[in-house]
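Hi there,

Here is the structure I promised to pass on, with my notes below it. Have a look at the model first, then read on.

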Amino acid sequence: MAARDRSGPRLPRVAEPGVEGEPRLPTGRELTEANRFTYAALCGISLSQLFPEPEQRSFCTDFVAGLVKWLDLSEAVLPTMTAFASGLGGEGADVFAEVLLKDPILKDDPLVIIQDLLSFSLKDGHYDARARVLIYHMASLLRAPLEELDLLEETFLESLKESKEEDSESAEASRKKKENKRKWKRYLLIGLATVGGGTVIGVTGGLAAPLVAAGAATVIGSAGAAALGSAAGIAIMTSLFGAAGAGLTGYKMKKRVGAIEEFTFLPLTEGRQLHITIAITGWLASGKYRTFSAPWAALACSREQYCLAWEAKYLMELGNALETILSGLANMVAQEALKYTVLSGLVAALTWPASLLSVANVIDNPWGVCLHRSAEVGKHLAHILLSRQQGRRPVTLIGFSLGARVIYFCLQEMAQEKDCQGIIEDVVLLGAPVDGEAKHWEPFRKVVSGRIVNGYCRADWLLSFVYRTSSVRLHVAGLQPVLLQDRRVENVDLSSVVSAGWNSHVMA
């Protein structure tokens with residue numbers, strides 16, 4: 001953690017309240033005109049560097065066009081900003097960052113510009129994963145403390161919650177009277193909405209017009225933690241967290257989907273956050289790892305975390321088979337023999353010890369069944385995320401062993417859909433039993449906005465063994481790096497921190 005004041009973590013700067021009836025301007029609009037241009041240009045250049053793919057072009061250009069309006073810049077600068085967002089002028093990023101840091105507003109606290117960018121990204125109730133990646137990138141460029149971004153998001157969320165709860169009875173009565181007079185105008189602004197008890201609840205993501213009209217977006221931008229207008233706060237909350245309000249825990253598989261028998265989200269933490277994490281367990285076993293949540297006891301990717309409970313019966317059968325094989329070999333010299341066969345690169349079936357091959361049938365069948373079911377579960381997960389069951393928030397996926405395989409097929413399925421961008425922020429796959437050839441991972445660039453982490457272990461002889469008869473065994477992602485040249489892909493060799501064949505599958 002970066003050095004902080006001894007009194008506690010630094011909270012986002014809260015602007016002084018303006019004159020009643022006159023909402024303060026967004027923080028970004030308080031910059032000089034030259035620095036507002038610099039701010040927008042830096043965002044455009046960063047977007048072009050982070051998302052150079054043709055299918056991301058419209059997001060990049062639309063984002064900077066909206067930012068130009070947010071900052072009250074002249075429309076004459078739009079062609080320049082579009083050029084930046086399209087990949088021109090990228091060599092000027094460092095210069096723009098240095099110029100921006102000299103502005104008096106940012107000189108003492110560069111986090112205020114990140115605060116403004118978060119305000120802009122949330123103003124329509126849709127927190128795109130690409131926007132969150134940009135926010136982290138901008139924080140890095142402006143040397144703002146990255147560890148404080150979660151605190152900033154939490155503060156925003158608390159302000160939204162407070163705006164939803166703070167209505168008094170007198171304010172409610174007064175607002176009802178005004179709402180009746182403006183009801184038809186509101187219908188035109190919001191498009192699809194329901195009016196209940198004098199409160200407007202937006203059920204679509206297109207909430208920018210009513211927010212701007214009410215002046216609420218400018219309040220968000222000026223303070224980050226300032227109270228919002230009730231209707232605006234509820235509208236943003238509804239869009240971010242889903243109209244049903246229950247989030248992932250509210251999802252129930254109404255009927256059997258293909259071969260899938262079990263598919264449920266279990267909460268790992270309490271509370272809500274502007275981004276969520278879904279953890280996927282690879283197999284179950286007796287003892288410590290008998291539940292889906294057990295491997296994730298120390299997971300700290302976000303304040304709102306879930307684990308996916310799927311096909312427990314089959315994953316338990318697989319876990320029992322793994323235990324049988326490993327316990328049976330514990331006192332055999334086969335462990336020593338494996339060091340001179342698998343680890344030397346001789347992975348042909350003939351090199352495996354006879355003692356190991358003799359018990360192969362114990363694991364081959366449950367492994368084959370779980371391979372098939374994990375692929376089906378991954379495809380189903382893709383459609384759950386595409387339907388925004390989680391609301392309009394960035395999602396991080398992390399899984400080990402067959403849980404990583406679920407994620408792999410989830411990304412594969414999402415990549416085939418038109419509206420797959422901006423949902424997934426990061427993915428982490430540990431010991432993934434999937435094809436590691438770069439060509440199979442390339443479509444994931446369309447889906448994942450942030451990082452694609454492949455955690456592998458060259459010494460994982462058990463993963464090599466279950467793949468011993470497969471044509472894909474020479475390119476298993478869990479055994480070696482994925483050689484895809486893309487800023488998203490990070491290969492992490494876990495050989496020094498996990499034990500061969502066992503801990504790589506249980507995340508010890």
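Seven strands form an open sheet in the order β3-β5-β4-β6-β7-β8-β9, and the pairing is mixed. The edge positions belong to β3 (263-267) and β9 (489-493); each has a single partner strand, so one side of each has no neighbour in the sheet. From one strand to the next, the twist averages 20°. Please keep in mind that this is a predicted model.

At the β9 end, strand β8 (residues 452-456) runs parallel to β9 and is joined to it by five bridges. If you want a pair to click on there, I452 stands opposite V489 in β9.

**Strand β4**

How many of the residues of strand β4 (residues 276-280) are buried? Five of the five are, so the strand is largely enclosed by the rest of the structure.

- Strand β6 (residues 395-400) pairs with β4 in the parallel sense over five bridges, and G399 of β6 is the bridge partner of I280.
- Strand β5 (residues 305-310) also pairs with β4 in the parallel sense, over four bridges, and there I278 stands opposite Y306.

A helix also belongs in this picture. Helix α16 (residues 360-386) lies across β3, β4, β5, β6 and β7 (424-430), and runs at about 65° to β3.

Elsewhere in the chain, helix α1 (residues 33-50) packs against helix α7 (residues 129-141) at an angle of about 115°, with the axes 10 Å apart. The crossing of α1 past α7 is right-handed. On the α1 side, the contact is made by Y39, L42, C43, S46, L47, Q49 and L50, and on the α7 side by V133, L134, H137, M138 and L141. By type, the residues of this contact divide into nine nonpolar, three polar and no charged.

**A buried leucine**

L106 is found in helix α5 (residues 104-107). Is L106 buried or exposed? Its relative accessible area is 1%, so L106 counts as buried, the cut-off being under 20%. Leaving aside residues up to four places away in sequence, L106 touches L31, L100, L101, V112, I113 and L142. Of these, L142 is 36 residues from L106 along the chain, and the C-alpha atoms of the two are separated by 9.1 Å.

**Cysteines**

Two cysteines to look at are C370, which counts as buried at 1% relative accessibility, and C410, which is buried with a relative accessible area of 0%.

**The chain as a whole**

Stepping back, the protein chain has 21 helices and nine strands. Of its 508 residues, 53% are buried. Among contacts between residues at least 6 apart in sequence, 79% join residues at least 24 apart.

Best wishes

Conventions:
Residues are numbered from 1 along each chain as its sequence is written. This is a predicted model: local features need pLDDT of at least 70, side-chain atom pairs count only at pLDDT 80 or more; totals for chains, interfaces and linings use all residues. Side-chain values use heavy atoms; hydrogens and water are left out. Helices (H or I, at least four residues) and strands (E, at least two) are DSSP runs, numbered from the N terminus. Buried means under 20% relative accessible area, exposed over 50%, partly exposed in between (1.4 Å probe, protein chains only). Contact means heavy atoms within 4.5 Å. Axes are lines fitted to C-alpha atoms, for helices over the stretch in contact, and angles run from 0 to 180 degrees between N-to-C directions. A crossing is left-handed if the near helix is turned anticlockwise from the far one by less than a right angle, and right-handed if clockwise. Ala, Val, Leu, Ile, Met, Phe, Trp, Tyr, Cys and Pro count as nonpolar, Asp, Glu, Lys and Arg as charged, and the others, Gly among them, as polar. Two strands pair if DSSP finds at least two bridges between them.
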